[in-house]
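Subject: Structure for you to look at

Hello,

Here is the structure I said I would pass on. My notes on what was found in it follow below.

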Amino acid sequence: GQKAKKPSAVEQSFVVALDECYQLYKKHGARSNKKLVPPHTWLHNQAATRLPKSHVFSMAEGRERTIDGAYKKRVDVSVYDAQDTPKAVIGFKFVMSNYAQNATNYFEGMQGETANLQAKGIPHFQVVVLQLTIPYYAQAAPGIPVREETLRARHIDRYIRLANGHPTVNRPHKLALVVVKVVDRHVVLADATEIPDIDASGIRALRNELSIGSLLAGVSALR
């Protein structure tokens, strides 16, 4: 098998924000938005650093913007030029539980949100964070997981196919798929090789075109 790859500095920095997100989720529960502040702030700061002439809006400053696409939608992190025209949106999704039953909904929902923005010519950057082992909770008993689900190659294949497919209105301008695991109650990066039944092309995709570094390079290219 392939050897694990050492995470880049930007990946190591991102996972700190993801762990903060996870700790707030554990403390305040699934319904609280507090957990989103660390990762949104991290993405905000990355965009602001890379695009110094632009204005970035997000919950980091309590100033999320609503963008008028095909329908009005409040967005996670948005980048505007000096004339207050939207240049890009960065969306963030960290799946904390019950992935398998919702996998198709997440995937289709992401494409719908992407099409809503890109139909208006606004590039959509999407960050998706999945756990190697995902707790499954019964609706009747939200506190204790009934079982654990394992992330499989088929769960990520659809993202890889979308990212590598023809540019369409529902394909994000750039897509990052970050796989993590919980070790000693903290979120750490998982290596692509840890996904059962993943093949060499899947590993390559996660390490290269679907990496957070690749997405941020796409943000930098907006200048």
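Two strands are said to pair if DSSP finds at least two bridges between them. The model is a predicted one, and these notes centre on strand β6 (124–131).

β6 runs parallel to β9 (174–183), and seven bridges join the two. Within that pairing, glutamine 131 has valine 180 of β9 as its bridge partner. β6 also pairs with β5 in the parallel sense, over six bridges, and here phenylalanine 92 stands opposite valine 127. Together with helix α3 (residues 99–118), β5 and β6 form a right-handed β-α-β unit.

Is β6 enclosed or open to the outside? Eight of its eight residues are buried, so the strand is largely enclosed by the rest of the structure. His124, Gln126, Val128 and Leu130 point one way from β6, while Phe125, Val127, Val129 and Gln131 point the other way.

The largest nonpolar core has 35 residues, and those touching the most other members are Phe14, Leu18, Phe92, Phe94, Val127, Val129 and Ile212. Elements giving two or more residues to this core include β5, β6, β9 and α1 (9–28). The largest share comes from α1, with eight residues. Leaving aside residues up to four places away in sequence, phenylalanine 94 touches Leu18, Cys21, Val129, Gln131, Val180 and Val187. Another core, of 26 residues, lies apart from the largest one; Ile134, Ala190, Ile198 and Ile203 are among its members.

Regards

Terms used: Residues are numbered from 1 along each chain as its sequence is written. This is a predicted model: local features need pLDDT of at least 70, side-chain atom pairs count only at pLDDT 80 or more; totals for chains, interfaces and linings use all residues. Side-chain values use heavy atoms; hydrogens and water are left out. A nonpolar core is a set of buried Ala, Val, Leu, Ile, Met, Phe, Trp, Tyr and Cys residues joined through side-chain atoms within 4.5 Å. Buried means under 20% relative accessible area, exposed over 50%, partly exposed in between (1.4 Å probe, protein chains only). Helices (H or I, at least four residues) and strands (E, at least two) are DSSP runs, numbered from the N terminus. Contact means heavy atoms within 4.5 Å. A crossover is right-handed if, with the strands pointing away from the viewer, the path from the first strand over the helix to the second runs clockwise.
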